[in-house]
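Thank you all for making the time this morning. Please look at the sequence and the model on the screen while I talk, and keep both in view as we go from one region to the next.

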Amino acid sequence: MTTSTQAYGEPWYWDNRYSNEPGPFDWYQKYLTLAPIINLYVPPSHPVLVVGCGNSAFSEGMVVDGGYTDVVNIDISSVVIEAMKTKHQDCPQLKFMKMDVRDMNDFQSGSFGAVIDKGTLDSILCGNNSRQNATKMLEEIWRVLKDKGVYVLVTYGAPLYRLRLLQESCSWTIKLHVIEKLASEEKSDNPFWELTKPVPLNDDGSSVEEALGQNPDVHYIYICTKEISANSHKCMTGAV
């Protein structure tokens, strides 16, 4: 029997889930809680790709509240993509396409200024052949980003579990931010850590525990900037 977590990379699992749970659902954080960090790194004029969009209201928030003008959303589930196309048919700033993030050949290289991921890499890492599939995903994201474009990864994965994967996949410059898991849209007078302030990040991530303590109740936000360099060859050859 395939457990539900192992099926996270399978279209049938998500088709069944979205057929049975059609209401909007946001993994991890809503747009308004993440808006300060999105606005900091992603100008509203940049073309944005949201991977594993599901039926989240996040992209709608980017357009309505953030003023973003070109937000492309992909998901492996045809059920949810058709539902979102219908729901947002009168919003030309939002586009929805059925696509596997591990194979985005419909997009030319360097198509987007930013890629936003809330939980998709985490889902793939729960599934079968997790490391291989995660590497394919990251190579494809690197490919479709413009030079100096940013991959915004919102994840429960601390640097101990995510940093090496990111470092070994492609040539990134990485900054780390954190947000409380139950962050409110109302600005707190005493935030656990200021959202727009990067957390000190050394090569192995040990500096994060020094700054935040052990097992902080946060989501980690990795800001991965695409760097074109001599070390980028593996990304370009691996993902084309």
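What we have here is a predicted model, in which local features need pLDDT of at least 70 and side-chain atom pairs count only at pLDDT 80 or more, while totals for chains, interfaces and linings use all residues. Residues are numbered from 1 along each chain as its sequence is written, and side-chain values use heavy atoms, with hydrogens and water left out.

I will start with the salt bridges, where a side-chain nitrogen of Lys or Arg lies within 4 Å of a carboxyl oxygen of Asp or Glu. Side chains of opposite charge can pair when their charged atoms come close. How many salt bridges does the structure hold? There are eight salt bridges, and I will go through some of them.

One of them joins the side chains of lysine 95 and aspartate 70, at 3.2 Å from N to O. This pair links distant parts of the chain, since lysine 95 is in strand E3 (residues 94-98) and aspartate 70 is in the loop between helix H3 (58-64) and strand E2 (71-75), 25 residues apart. Lysine 95 is partly exposed at 38% relative accessibility, and aspartate 70 is also partly exposed, at 24%.

Another, between glutamate 82 and lysine 85, has its closest N and O atoms 3.7 Å apart. Both residues lie in helix H4 (residues 78-87), three residues apart, which is about one turn of the helix. Glutamate 82 has a relative accessibility of 45%, so it counts as partly exposed, and lysine 85 is partly exposed because its relative accessible area is 40%.

A further salt bridge brings together the side chains of lysine 148 and glutamate 227, at 2.4 Å from N to O. Here too the pair links distant parts of the chain, with lysine 148 in strand E5 (residues 145-155) and glutamate 227 in the loop between strand E7 (218-226) and helix H9 (233-239), 79 residues apart. Is glutamate 227 buried or exposed? Its relative accessibility is 17%, so glutamate 227 counts as buried.

Most residues other than glycine have a negative phi. Asparagine 129 also has a positive phi, near 50°; asparagine 129 sits in the loop between helix H5 (120-126) and helix H6 (130-144), and it is exposed, with a relative accessible area of 55%.

Now to the cysteines, and to disulfides, each of which would be a pair of cysteine sulfur atoms within 2.5 Å. A search of the whole structure finds zero of these. Cysteine 91 is buried at 16% relative accessible area, and cysteine 170 is buried at 5%. Cysteine 170 is in the loop between helix H7 (159-169) and strand E6 (172-180), and its C-alpha is 8.3 Å from that of lysine 226, although the two are 56 residues apart in sequence.

Two buried residues in strands come next. Valine 72, in strand E2, is buried with a relative accessible area of 7%, and its C-alpha lies 8.5 Å from that of valine 51, 21 residues away in sequence.

Terms used:
Buried means under 20% relative accessible area, exposed over 50%, partly exposed in between (1.4 Å probe, protein chains only). Helices (H or I, at least four residues) and strands (E, at least two) are DSSP runs, numbered from the N terminus.
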